[in-house]
Amino acid sequence: MQLNDLRPAEGAKKNRKRIGRGNSSGHGTTAGRGTKGQLSRSGGGKGAGFEGGQQPLAMRLPKLPGFTNHNRVEYAPVNVARLEGLFADGDTVDAESLMAKGVIKHDYIPVKVLGDGELTKKLTVKVDKVSASAKAKIEAAGGKVEQAC
């Protein structure tokens, strides 16, 4: 057997359907579209996104202006009053200790300490962010604020 002897299997090659090229082609007159009706017309049929008369998804979605910043960082907020109740004098407050006490669910979410409440205990705070009022309260109580690594 040689390359010039190769042939497709019997029935494997079919001629394409030539629509609208006269009645002798078998697909003339109505060109396979049937007689009358929406789908027989040029440009007929439902448009893209048509949902059977139900309000289409594109019209159900809100049309408010503005945009969402996908680079926004969401912090888990913790107030100094919560630290006062959970930690002892001289403790270190970081993501792991907060997670162990059930204040936050995951240690990979950045934490921000906020200044609501009073603080009397001397704490070392190692979190991602601390508000100015929280920093003032922590330092006034004799503690210190360090940047988390």
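Predicted model: local features only at pLDDT ≥ 70, side-chain atom pairs only at ≥ 80, totals over all residues.
**Entry 1: secondary structure.** I looked up the helices and strands first. I recorded four helices and six strands in the chain. Following the sequence, I read their order as α-β-α-β-α-β-β-β-α-β. I then asked how the radius of gyration compares with the globule rule. I noted a value of 36 Å, whereas the rule gives 15 Å for 149 residues, so the chain is more spread out than a compact globule.

**Entry 2: extent and contacts.** Along the principal axes, I found that the C-alpha atoms occupy a box of roughly 100 × 55 × 25 Å. I also looked at burial, and 18% of the 149 residues count as buried. Turning to contacts between residues at least 6 apart in sequence, I noted that 41% of them link residues at least 24 apart.

**Entry 3: surface and charge.** I listed 25 positive and 15 negative side chains. The centres of these two sets are separated by 23 Å.

**Entry 4: D94.** Where does D94 lie? I located D94 in the loop that runs between strand 2 (92-93) and helix 3 (95-100). Leaving aside residues up to four places away in sequence, I found D94 touching K126 and V127. I also checked D94 against A148: the two are 54 residues apart in sequence, and their C-alpha atoms are 7.8 Å apart in space.

Notes:
Residues numbered from 1 in each chain as written. Heavy atoms only, no water. Helix = DSSP H or I, 4+ residues; strand = E, 2+ residues; numbered from the N terminus. Rg over C-alpha atoms; globule rule 2.2 N^0.38 Å. Buried < 20%, exposed > 50% of the residue type's maximum accessible area, 1.4 Å probe, protein only. Contact = heavy atoms within 4.5 Å. Lys, Arg positive; Asp, Glu negative; His and termini not counted. Charge placed at Lys NZ, Arg CZ, Asp CG, Glu CD.
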